[in-house]
Amino acid sequence: MKKFAWATLFLILGITIVIYMCPELPYSLWRAFDNHRTLVNQEGPFWKRWEKARENDRWQKEREESRQQGMQKVETIKEELKRLGDHPWAGEYTTGAGLSVRDVTIAPESGFVFHDYGDVYDFWYLGNCTFENGRIKLNYTGEKHANLPNAYVPVRWGERCYLIRTYPDLHVDCMKFFCEDVIRGYEPRYHNSGTTLLRKGDWKKPVEGLPELPAGFEQYATTLREHMIDAKILATGEVKTVTGERGDLICRISVMIDKGKDAGVIPSQKYVSGNLIQYGRLQFTKVGEKHAEGTFEFFRYLKDEDNAGRESTRIVPGRRVLMAKDHSEERVHAIQETVEKLKKNNADAKETKDENIEILRSMSDSEVSMEK
């Protein structure tokens with residue numbers, strides 16, 4: 001009995017000394033046996049799986065440290081933003097809610113924080129910035145991912161401010177995509193979610209006219225002027241709510257604008273507009289040389305009973321409406337044609353494959369007969 005007591009005492013003493021000398025050992029053991037992704041679902045010797053668990057722990061620790069540093073720097077930048085007041089490009093920007101969100105908090109002296117996060121990831125990147133030739137250049141501290149932006153171009157639209165990633169910093173032309181969103185009526189948006197960084201709170205600010213593109217982007221400004229019609233609302237009627245083909249509630253308002261055939265307005269042509277109401281649609285039945293009459297419609301969401309009354313207050317005489325031809329039906333038709341072509345190509349490919357198989361079989365049969 002005494003031997004068992006002494007053995008237990010020495011065992012407890014040994015464990016205490018080990019824990020004192022290696023305080024991370026118990027946690028590492030727990031992580032090693034509990035982390036099923038690295039120890040159960042993966043093959044290999046135990047020590048390799050152990051090392052992978054340790055690497056995962058180090059990565060989690062580094063990510064937590066970057067998160068703490070990012071949050072501290074965000075507070076520092078916010079203090080500078082309060083001192084700056086209304087600045088041409090400094091502020092807090094976001095692409096809004098969704099599976100993948102990007103927030104940028106930026107100021108001239110304090111630098112920037114790039115926060116890229118979603119349901120299963122959370123990354124923080126810090127650095128300093130300089131403003132040169134109409135572009136905000138980003139200088140990262142520490143390791144930089146290849147897909148992170150190197151510079152942004154601030155674009156003002158009335159009281160709003162957007163940050164557009166520069167090209168060829170990315171393999172796609174973000175300024176082109178932004179202008180396409182304007183033409184399609186996705187911008188200016190009246191909520192936080194979008195594909196372009198918008199200063200927080202600016203989605204509540206109305207806009208008129210076209211966005212002010214900086215020097216070097218004249219071709220896109222020309223494209224906007226060619227596709228967009230900037231008209232003034234002369235008169236409006238009452239708001240009527242109807243049920244659409246899919247059961248959606250649609251609000252319709254009769255409108256008259258000061259643009260007609262001389263500005264390219266076409267009778268029965270569907271137009272899209274986004275500067276007064278998100279995803280607004282217009283269609284004109286009477287088109288004169290200097291004016292046009294038709295309907296302005298938009299969706300009324302079932303969860304928002306006051307949506308029709310609140311949104312319709314933007315569609316009043318004196319306000320300006322930006323509109324472009326609605327090519328959504330043409331795009332749907334083009335997609336359907338592409339799908340049909342793919343189906344036909346797959347069917348032809350299957351027939352060709354079957355023919356090739358038959359030829360190979362016949363060749364193999366002839367070789368067997370020759371051998372006999």
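Some housekeeping. This is a predicted model, so local features need pLDDT of at least 70 and side-chain atom pairs count only at pLDDT 80 or more, while totals for chains, interfaces and linings use all residues. Residues are numbered from 1 along each chain as its sequence is written, and side-chain values use heavy atoms, with hydrogens and water left out.

Back to the pocket. Rolling a probe the size of a water molecule over the atoms shows where empty space is left. Here we work on a 1 Å grid over the protein atoms alone: a cavity is a set of points where a 1.4 Å probe fits but cannot get out, a pocket is an open set with protein on both sides within 12 Å along at least five of seven lines, and lining residues have an atom within 4 Å of a point. Grid points are joined across faces, edges and corners, and a volume is the space filled by probe spheres set on the points. The largest pocket comes out at about 870 Å³. It has 22 lining residues, and Ile-250, Lys-270, Arg-281, Glu-297 and Phe-299 lie nearest its centre. Elements giving two or more residues to that lining are β9 (229-243), β10 (249-257), β11 (270-273), β12 (280-287), β13 (292-300) and α8 (328-371). Those labels are DSSP runs numbered from the N terminus: helices are H or I with at least four residues, strands are E with at least two.

Now, salt bridges: a side-chain nitrogen of Lys or Arg within 4 Å of a carboxyl oxygen of Asp or Glu. How many does the structure hold? Twelve. Glu-187 and Arg-189 make one, with their closest N and O atoms 2.6 Å apart. Both of those residues are buried, meaning under 20% relative accessible area, with exposed over 50% and partly exposed in between (1.4 Å probe, protein chains only). Arg-199 pairs with Asp-202 at 3.5 Å between closest N and O atoms; Arg-199 is buried at 11%, and Asp-202 is buried at 2%. Salt bridges with shared partners also tie Lys-78, Glu-92 and Lys-200 into one network. Glu-132 and Lys-137 bridge at 3.3 Å, N to O, but Glu-132 is partly exposed at 37% and Lys-137 is partly exposed at 36%.

Then there's Lys-73, in helix α4 (residues 46-84). Lys-73 is buried yet has no salt bridge, and the nearest side chain of opposite charge, Glu-80, sits 9.0 Å away. For that, Lys and Arg count as positive and Asp and Glu as negative; His and the chain ends are not counted. Beyond its neighbours within four places in sequence, Lys-73 has contacts (heavy atoms within 4.5 Å) that include Ser-110, Phe-112 and Asn-128.

Last stop, helix α5 (residues 174-184), whose buried residues include Cys-174, Phe-178 and Asp-181. Their cover includes β6 (151-157), β7 (160-165), α6 (218-227), β11 and β14 (320-325). Asp-181 is buried because its relative accessibility is 12%. Leaving aside neighbours within four places in sequence, Asp-181 touches Tyr-186, Glu-187 and Thr-195. Just after α5, Gly-185 takes a positive phi of about 90°.
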